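This report covers helix packing, the ligand site and some backbone details of one structure. The sequence and model are shown first.

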Amino acid sequence: MKFNQVLDNVKTYEAGKPIELVVREYGINPCDIIKLASNENPYGTSPLVTQKIQSLSKNMFMYPDDSMFELKEALGEKYQVASNNIIIGSGSDQILEFCVHAKCNEKSTILMTKTTFAMYEIYGKQTGATIIKTEDDEHNIEQFKALYKQHGADVIFLCLPNNPLGECLDKEEVYEFLKEVDENTLVVIDGAYMEYAAYKDEKKRIVASDIIHTFPNAIYTGTFSKAYALGGMRVGYGIAHPDIIKTLYKLRPPFNISTLSLAAAIEALKDEAFVNECIAKNFEEMVKYETYAQTKGLEYIKSYTNFITLKLPADYISAQVAQELLERGIIIRDLTGYGLNAIRITIGREDQNSIVIEKLDEVLESLKTVKVYD
Ligand SMILES: Cc1ncc(COP(=O)(O)O)c(C=O)c1O
């Protein structure tokens, strides 16, 4: 069968391996598996969310509120924007998809940093657009400026902080760049991990209302999947000028957010104390990985997120390290697919991190030994 030819160039997104797969393939007891591969919040959801969901179980026969009035009101209050500045998506992924499809076709160009969230390129290529990437893996605003001057762009993606590397541009750098961007270029500021960066360093805090009022061609995207611990619920959002939101709405399928997901997101917003506690623990625990990397002489990227990326020296192969960990029940992310000899580890809970560091050390030592006798 012949399909749309642009799809020949599109890679399939590979999500972090699920626990069920490790149980099936390696016969490991699920209780002994630690999954730190998808940057989920390891502390579970707020008790408010769990209680609310249990109370809703009788309402499942009805469609959800497609206006999403209550969630938009709650987000509007959090971000100090109006309802017509907001669109809700099935994960922020869906909003990223809308952005690309609203702007791009085979004549379009999309600008992004070399190593960033894979879906930007996947959605871009679905439209046949040309992808332009900076030379550096991490965001380098001077390279963005130079490439924009040279090629222009229909869409620019800034991932702040960046997945899978963890670095984050300063707000000042972002503003300086946005001032040079034409009003017809849509700038997507992906703030999937912004809660973490803003907690760690005020200089990284992008305020959505501020950005969209200063730059009507920018959209800020956020998610409930990370700091708000609702990855399984699939709720994200975009905040932008009403003209952008109105256009994105044309791409939205009906009832794209389930009743349970809407309720969970509304409850999660009521428990900011829980979110802040989780973020504080995240950075306390991250220090353990940094210290381990320093003592082992491993290079790591300073992270403003809930994961840390370790660059492995040439005598290790990241895919092999990830595989050895998998066989020991530890799921992390190998970054070979991004062209890097590196692994990304979501920061887990205290009990998980001590096991992960112990097993990582065991793996690195065993692979070193193999090399010596090779
Ligand atoms: C940078 C970034 N943006 C967006 C997403 C999409 O998240 P979700 O669709 O769960 O909101 C992810 C998920 O990992 C991400 O890392």
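## Helices H2 and H11

Leu48, Val49, Lys52 and Ile53 of H2 meet Leu260, Ala263, Ala264, Glu267, Ala268 and Lys270 of H11, where contact means heavy atoms within 4.5 Å. By class, this contact of H2 with H11 holds 7 nonpolar, no polar and 3 charged residues. Here Ala, Val, Leu, Ile, Met, Phe, Trp, Tyr, Cys and Pro count as nonpolar, Asp, Glu, Lys and Arg as charged, and the others, Gly among them, as polar. Helices (H or I, at least four residues) and strands (E, at least two) are DSSP runs, numbered from the N terminus.

The model is predicted: local features need pLDDT of at least 70, side-chain atom pairs count only at pLDDT 80 or more, and totals for chains, interfaces and linings use all residues. Residues are numbered from 1 along each chain as its sequence is written, and side-chain values use heavy atoms, with hydrogens and water left out.

The axes of H2 and H11 are 8 Å apart, and the packing angle is about 150°. Axes are lines fitted to C-alpha atoms, for helices over the stretch in contact, and angles run from 0 to 180 degrees between N-to-C directions. H2 and H11 are therefore roughly antiparallel; angles under 35 degrees count as roughly parallel, over 145 as roughly antiparallel, 65 to 115 as roughly perpendicular and the rest as oblique. Their crossing is right-handed, a term for a near helix turned clockwise from the far one by less than a right angle, with anticlockwise giving left-handed.

## Helices H3 and H11

H3 (residues 69–79) packs against H11 (residues 259–270) at about 25°, with the axes 9 Å apart. The two helices are therefore roughly parallel to each other, and H3 passes H11 in a left-handed crossing. H3 contributes Glu70, Leu71, Ala74, Leu75 and Lys78 to the contact, and H11 contributes Leu262, Ala265, Ile266 and Leu269. These residues divide into 7 nonpolar, no polar and 2 charged.

## Helices H4 and H5

H4 (residues 92–103) and H5 (residues 118–126) cross at roughly 40°, and their axes come within 9 Å. H4 passes H5 in a right-handed crossing. The contact is made by Asp93, Leu96, Glu97, Val100 and His101 of H4 with Met119, Tyr120, Tyr123, Gly124 and Gln126 of H5. By class, the residues of this contact are 5 nonpolar, 3 polar and 2 charged.

## Ligand surroundings

Which residues are closest to the ligand? They are Ser92, Asp190, Thr223, Ser225 and Arg234, among 13 residues that surround the ligand, each with a heavy atom within 4 Å of it.

A polar side-chain atom of Asp190 is 2.6 Å from a ligand nitrogen atom. An N or O atom in the side chain of Thr223 lies 2.5 Å from an oxygen atom of the ligand. For Lys226, a polar side-chain atom is 2.9 Å from a ligand oxygen atom.

## Loops and backbone

The loop between strand E5 (155–159) and helix H7 (171–178) contains Asp170. Pro161 and Pro164 also lie in the loop between E5 and H7. The peptide bond from Leu160 to Pro161 is cis, with omega near -5°, and a cis peptide bond with omega about 20° joins Asn163 and Pro164.

Asn39, in the loop between strand E1 (34–35) and helix H2 (47–55), has a positive phi near 55°. Most residues other than glycine have a negative phi, and most peptide bonds are trans.

Key. Polar contact = N/O pair within 3.5 Å; in protein donor to acceptor, adjacent residues only side chain to side chain.
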